[in-house]
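I opened the model and kept notes as I went. The entries follow.

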Amino acid sequence: MSKSKVPTATNTISNIKNADKENVSSSSLFDQQYSLITVINDAHDEGIWSVIWTKATNRIITGSLDDKLKIWNSDHYTLASTLTGHSLGIVSLTTSQQGLEFASSSLDNQFRIWDLKLAIPSIIHVINAGSAEAWKIAFSPDGKYIASSSHSGNINIWNAVTGTKKTTIVTKGTFGMSITYSPNGMLIAMGTENGIVFVYDAVFGTLRCTFKNHKKPVRAVVFSPNSNMLASASDDNTINLYELSGSRQSCVCTLKGHTSWVLCLSFSSDGIHLASGSSDKTIKIWDVEKKVCVHTFSDHSDQVWGVAYNPDGLKLVSVAEDGTMIIHKTTTQQTAVESNDNNTAITPSKEINDIRK
């Protein structure tokens with residue numbers, strides 16, 4: 001099976017491991033602005049596919065193919081609790097904007113909503129979404145709804161309070177590989193198996209715009225904190241940045257530097273930096289305004305499935321197929337460009353986006 005052919009939820013695990021895993025040059029651990037804080041080996045018994053860092057509750061939550069969720073103390077990085085209930089591996093995690101609830105989706109076709117206000121999180125709802133109807137999930141900023149991508153390509157909207165399905169947005173896409181709400185709650189973006197990124201009106205469910213810049217599956221989509229920009233990561237080894245605030249939405253830049261699939265993205269809270277994790281085992285920090293890579297972390301021994309900034313943007317957590325969780329020191333300041341000829345930014349010379357208003 002070729003890398004461009006993305007399998008269904010049931011056999012994604014074996015196929016992703018065939019991704020190219022070339023080593024890149026190591027970053028210095030003694031850099032004043034970017035450094036390694038701690039490595040937690042064997043954080044899970046199997047690969048860790050998702051991680052979030054909550055706001056008000058300031059907890060790190062990891063989800064793994066070992067069917068477990070783990071809650072970590074964000075001050076000392078010690079394990080606070082282990083949550084069970086899913087019968088197959090955890091695919092996706094999402095948290096409400098305040099960080100008082102979070103949700104987990106699994107290969108068992110369930111997603112669960114958890115109450116984080118207690119020392120040991122409790123279940124709010126267990127939702128049987130149906131076969132591959134809740135692959136990746138995203139909380140709305142107000143915490144009232146959860147959007148899920150599906151194998152059919154449709155977007156399901158669930159009421160997080162009642163645990164029932166509110167509506168389905170019928171799309172023209174294929175397998176929804178990634179999904180996210182904009183921080184202002186107005187938009188939903190979904191990345192698909194065939195490389196297309198759709199942006200929908202979150203209130204009315206109407207299509208706002210379609211971006212066809214990627215050549216392969218889109219593994220991650222994330223909005224900037226001000227909701228004016230969207231970033232997407234793909235199996236074509238690139239990251240695209242899209243401008244959404246103007247009268248004509250468009251792809252403004254393609255970031256190149258990873259040597260294999262780009263699997264995850266996270267914006268810093270101030271929107272200055274974008275972190276990306278890849279099958280090439282590295283994490284890159286990009287200056288969004290300058291559109292350049294300012295640092296590369298090379299501490300994982302396998303593909304990096306998840307990255308998440310802490311609330312103030314001074315730390316970054318990453319998780320990988322090697323079962324490790326790593327905490328990195330980062331910065332909110334703009335820094336010098338990393339010296340690496342492989343890191344480039346390309347501005348599209350011809351608009352190839354299909355815009356529908």
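What share of the 357 residues in the protein chain is buried? I found 59%, with buried meaning under 20% relative accessible area for a 1.4 Å probe, protein chains only.

I noted the basis before going further. This is a predicted model, where local features need pLDDT of at least 70, side-chain atom pairs count only at pLDDT 80 or more, and totals for chains, interfaces and linings use all residues. Residues are numbered from 1 along each chain as its sequence is written, and side-chain values use heavy atoms, leaving out hydrogens and water.

**Chain.** I looked up the elements and found 1 helix and 30 strands (DSSP runs; helices are H or I of at least four residues, strands E of at least two).

**Sheet.** I traced an open sheet of 4 strands, ordered β1-β28-β27-β26 with antiparallel pairing; strands pair if DSSP finds at least two bridges between them. β1 (35–40) and β26 (304–309) are the edges, each with a single partner strand, so one side of each has no neighbour in the sheet. I then checked β1 against β28 (residues 325–329): 5 bridges join them. In that pair, S35 stands opposite K329.

**T62.** I moved to strand β3 (residues 59–64), where T62 sits. T62 counts as buried because its relative accessibility is 0%. Its side chain makes a polar contact with the side chain of H44 at 2.8 Å. I use polar contact for a pair of N or O atoms within 3.5 Å; within protein, one must be able to donate a hydrogen and the other to accept it, and residues adjacent in sequence count only if both atoms are side-chain atoms. Another polar contact, of 2.9 Å, joins the side chains of T62 and W72.

Definitions and conventions. Buried means under 20% relative accessible area, exposed over 50%, partly exposed in between (1.4 Å probe, protein chains only).
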